[in-house]
Each structure stands twice: as structure tokens, then as C-alpha cells.
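Hello,

Here is the structure I promised to pass on. Please open it first, then read the notes below.

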Number of protein chains: 2
Amino acid sequence: MNLRKGNLMSVRNDIKVVDVTIRDGGLCNNFEFTDEFVKELYKTNIKSGIDYMEFGYKASKNMFKKSDFGKWKFCDEEDLRAVVGDNLSDMKIAVMADVGRCDYKTDFAPKSESVIDMVRVACYIHQIPAAIEMIEHFHELGYETTCNIMAVSQANSDQVVQALEMLVNSCVDVIYLVDSFGALYPENASELAQMYIQAVEGTEKKIGFHAHNNQNVAFANTIETLSYGVSYLDASVQGMGRGAGNCPVELLLGFLKNPKYNLYWVLGFIENYMLSLKEQGVVWGYDLQYLFTGLLNCHPRDAIEFTANDRKDYAQFYTTLLDNI
Amino acid sequence: MNLRKGNLMSVRNDIKVVDVTIRDGGLCNNFEFTDEFVKELYKTNIKSGIDYMEFGYKASKNMFKKSDFGKWKFCDEEDLRAVVGDNLSDMKIAVMADVGRCDYKTDFAPKSESVIDMVRVACYIHQIPAAIEMIEHFHELGYETTCNIMAVSQANSDQVVQALEMLVNSCVDVIYLVDSFGALYPENASELAQMYIQAVEGTEKKIGFHAHNNQNVAFANTIETLSYGVSYLDASVQGMGRGAGNCPVELLLGFLKNPKYNLYWVLGFIENYMLSLKEQGVVWGYDLQYLFTGLLNCHPRDAIEFTANDRKDYAQFYTTLLDNI
């Protein structure tokens, strides 16, 4: 039985591409993008047919000092409006709220007063009850909501089943499969995705996928899971994101057959804005050190440090990681 | 019905990893590797559990001037023996013979007089009869043989069916699915692989896969096709190969569960030999220009030229390619 939805030529109108460049990419440069960069990316995304643009985190100003980060760590309404005005486009605006790192009761206005359309709640699997509390709150304020269960490659299957059951009974709109450690291959990413899809069958809820590129399969995992019915697809320009980065939006737009998506505009943005970012020394993307942490299914922090220190002693680093698991 | 052979934990004893670094990588540096590089790679491959090492082409000296290329364009027996002696290891030695570019009747000694174990015959689909003639000759000389049908993404299905039928009736040992243009995704690479596998069912013949990384799915396509029963897997160190390169051997060794494979030794080789190659200006690997030719299912030559000219005007290049198809 072929469980794939459609084929490689199908237009899947349920697909939503979510650009996470500023949010996940912000983890590479402390959210210190120029205003011009963010504004041009916003315009590029609209022209490219991107469905959602995630601008950053709504982090707690009690826990994080404003002056220590760029503005997209906090996504104040006035900063968003300075870029998008009243956002008269069809593209929707998303922000991320981390469980335990967000003053969600005080920092969100009702949807009617905000240009934000969707709040994405990120949590680890043991934080699902806390995430649901936040999701219910955002739902009451009028926002679309997602629950992004991170590091699912470390959770056991029973936990995942229970988490999905709880989320299916909540008001969340989209449940995300998040491969935080880049530990999944197309084969098990697809199996997990099918488990998520079965869990929401018969409801209006959708499934999303957020990849990391540790084993250079972020794009492959994204298109494989989408072929089984995942519809919310996270991607970023040139894969910009923590460590090995995410699914590159240019590969994804090249793949998708819906004529609303247009690769051309992203290319100009890369020429004019991404190349200089790299020249300034902002680093992300697949490299051997990330392969190791992906393979060992662990947090990329040691690999990020290895990268920051410009180390090249891969064999030694791999041996040390093996000793420490 | 799950058509996959085994699961992600299985040891598949039918798997053979073929290192193509010198042969496909040689297309990036005119086969001008130092003797030390080749010797160290040979030793590394043995320690890593690699099953076959492809040393290069057996190109016609009537068509190509010896002084214009490094020695691995020709793979003379004495050059091979200078590296491998009598090759007392379990690893087998392969060379490639291109249809129409090889004096195969004069340039190959009988297997009993050569350290070469396997001759891989590369052809386009219309050259299958010529390839089979060569394969029968190499078989009579005592060599293992493969037929690598290149650019299969441009062939129509009828042609592929006919080619497979002819090869099944020949004495070839391994039939290779070759994604020369990096145009395949895991979904259609797997479908094609299953077609090849069905064609050889009931025979002793095996199927191989050779990927190109234009759309950054060389590794993903390799592990997806292997999961459906492909057993000969081409890979190269850091994916070194023409244009966007091949499946990186370090990703593949990380993936394979057979304890005979050992990632560690490849890492030392990368530190000591690959990094300096890159510093010398040898260029390969995924980049936007290769994505375009992969997407458009065309030869990477324009993208290789774009790379050589250090151009970064991706949008313009993409537009020109679109105009020319």
C-alpha cells in the first residue's frame, strides 16, 4: 500500500512553508540582524509565496536582558510593525514562545491588537502540560497555535504516544515533529511522521516538521515526511539555523510544484544579504562535528563549541564524544 | 506492504561500499593526487572496512595524452602496484572503463596478471550494446564487472526496461543506477531502484547506486535505495566528485550498522589530506548552481564553469539556464 499523499508532480494545497531564518538563524548571530536584512527578507518571502514568516522568540525580559540580544529575541509589537506595518500581505507572521522562558500571561496582547498570527510553543516532551496551558491561553487570545515537541529522537515511544494524545485533546492547531539533534534518517523520520499523522486523523489538526541538518538530510527528511502527509514545513534561507542548520528554503521551493512558490527571489536575497553575513563570520551548516552529535543523538553544544574554536581535529573530537555518552 | 529489506538496525551482509574518491574526485583535480594521498587513502579504506576502492579510469592513450592528466586517468598496472603491491588485503580494486573512451581490447591483461578485481563499465543508455560487448570481454578475462548506466534521469522508462532486460541476459555482475545529474529525490530514486531490483530477481546479479549531490540528497538517496535492496554503494571522502560531488563516505559509514565499518580512520584522513586539498583550491560540493542543474535535470557543465569563474550571480545564472532548456 502506498501511503504517500500524491506524487512528485502533485500540487498539495495543504502545504505551508514556514520561513524560520530570523528565529532559528538568530541563534547563530545573537539575533543581531540589520533592519534592512529583516525587511528585505520579509519582502522576499512574500514574493516567494512563503506562507508564514517566523520573526523570532517572545522571550521573557525578566529572564533575559534586552541589551544582551538583538530585538528578535523579544519580538516587541513595535519592532514587528516597523517591518511589516499592518502586514497587508497574505503571508502570516509567527513568533516562538519557549515553555519556561516566556512571560506569556503578560507579554501577548489579544490577536485583534497584534500583527502576529501564530504563536509556536516549543517544549521538551516532559513539558507538554505546561505547553498546553500556554496554547490554551494563546488560543483564547485569538492566535493560531503550534506545539513544537523538541528532541523527539530522545523520547521513548510511549511518551510520544501520550504527548500526542494530550495534544489531540487540546485546542492546538499544528503539532510539530522536531528533529532538534538531526538524529533522524528519512526512514525513521517518515515513520514518526506517520505516527503523528495517524494521531490527528479525523481532526482539523495538522502536522509540521522541523529538521536539523547534522547528517545532511534536513531537506531529504522534510520532503520525505511531507510525502506522507506532513503539511507545515520549516525552512530557512541557506539553511541558516543553530549548528548544522535547517532545511534550506531554496531546495524546498525548488521541489514544491505549487506555482505559488517562486525560487527566483530567494536567490537575489542570498546574493545581496546572505553572502555578506557569511563573510562577517556568521557560521552554520553541515560539517563533520555535527554529523557526530547527530549520529550519537545528542545536543549539538559541543559541536558548536568545536566550530567556534575553529578546531579541525575531528577524530579526537569524535573519540571524546564517544567516551562521554 | 513494507518493501524495505531489514530496518535501521539491521546488518546487511550484502552491502558493499565502493570508495570512488580517486576516480570521481579525480574529475575535480585532473587526477593529480600525490602518491602519498593515494597510498594513505588505500590504507585508510582497508582499516575502515571499505569493500572496493576505485582507482580511476582506464582511458585510451590514443584519445587522451598521458602528459595532460594525472596517472589515475589511465590506471596502469605498475602505478596500481606501486600503491597496493599485490593487494594482500580483503578490499578489492576497481577501475572504470568508459564506453567509447577505452582501448579495452588491448589495455587489459587477464585477471590472473592484474591486481584489478572489478571493471566498471560506464555508458549512456543508448550505448548498452557497446557496454555489453565490453563486459563480456572483461568477464572472459576473469574480472568482476558492473554496468553503470549514467544519466538515467533523462532516459524514458521504456529505454530503462529494455536496457535492464539486455543486462539481465548478459554476464554482468552488478547493474548500477547512476544519478549523474543529481536530479532524483529519495522518492523517485527508490522507485527506480525497486524497478532495477525486480529486474534481477531470481538471478545472482546485484544492484548498485551512484549519487550526485546537486540537490543535497546524495546520502539520503543512497540510504533510501539501499533500504529497498540496493547493495553496491558508491561514496567518496567528503563527497569528493565532479560538481556537487557524491555521497560522503563518512555519512555512509556512520549510518551502516555492520561493525566491520569504522568511521574513525576516515576522520584522520580528512584532517591530514582532504583539508589541504581544499586549501589548494580544489572545489566540489553542494552549492546553488548545482541545485539548478539538478532541478532542471541537465549536465552540470554550466554550473562547473560558474563555480570555476567564482560567480555569485545565482539569480541571473538560474534565469539563463531556464531560458536554455
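A definition first: helices (H or I, at least four residues) and strands (E, at least two) are DSSP runs, numbered from the N terminus. This is a predicted model, in which local features need pLDDT of at least 70, side-chain atom pairs count only at pLDDT 80 or more, and totals for chains, interfaces and linings use all residues. Residues are numbered from 1 along each chain as its sequence is written, chains are lettered from A and ligands numbered from 1 in the order in which they are written, and side-chain values use heavy atoms, with hydrogens and water left out.

Start with A:Thr44. This residue sits in helix 2 (residues 35–48) of chain A. A:Thr44 counts as buried because its relative accessibility is 8%. Buried means under 20% relative accessible area, exposed over 50%, and partly exposed in between (1.4 Å probe, protein chains only). Beyond its neighbours within four places in sequence, A:Thr44 is in contact with A:Trp265, A:Val266 and A:Phe269. Contact means heavy atoms within 4.5 Å.

Next, how the chains relate. Chain B superposes on chain A by a rotation of 180 degrees, with 0.0 Å of shift along the axis and an RMSD of 0.0 Å. That is the relation of a two-fold axis.

Now helix 11 (residues 288–295) of chain B. Seven of its eight residues are buried, so the helix is largely enclosed by the rest of the structure. Among them are B:Leu288, B:Tyr290 and B:Phe292. Their cover includes helix 9 (249–255) and helix 10 (264–279) of chain A. It also includes helix 12 (301–308) and helix 13 (314–324) of chain B. After helix 11 of chain B comes B:Asn297, with a positive phi near 55 degrees.

Last, strand 8 (residues 232–235) of chain B. B:Tyr232 and B:Asp234 point one way, B:Leu233 and B:Ala235 the other, and all are buried. Strand 1 (residues 16–19) of chain B runs parallel to strand 8, joined by four bridges. Two strands pair if DSSP finds at least two bridges between them. B:Ala235 is the bridge partner of B:Asp19. Strand 7 (residues 206–210) of chain B also pairs with strand 8 in the parallel sense, over two bridges. There, B:Gly208 stands opposite B:Tyr232.

Best wishes

How values were computed: Least-squares fit on C-alpha atoms with pLDDT ≥ 70 in both.
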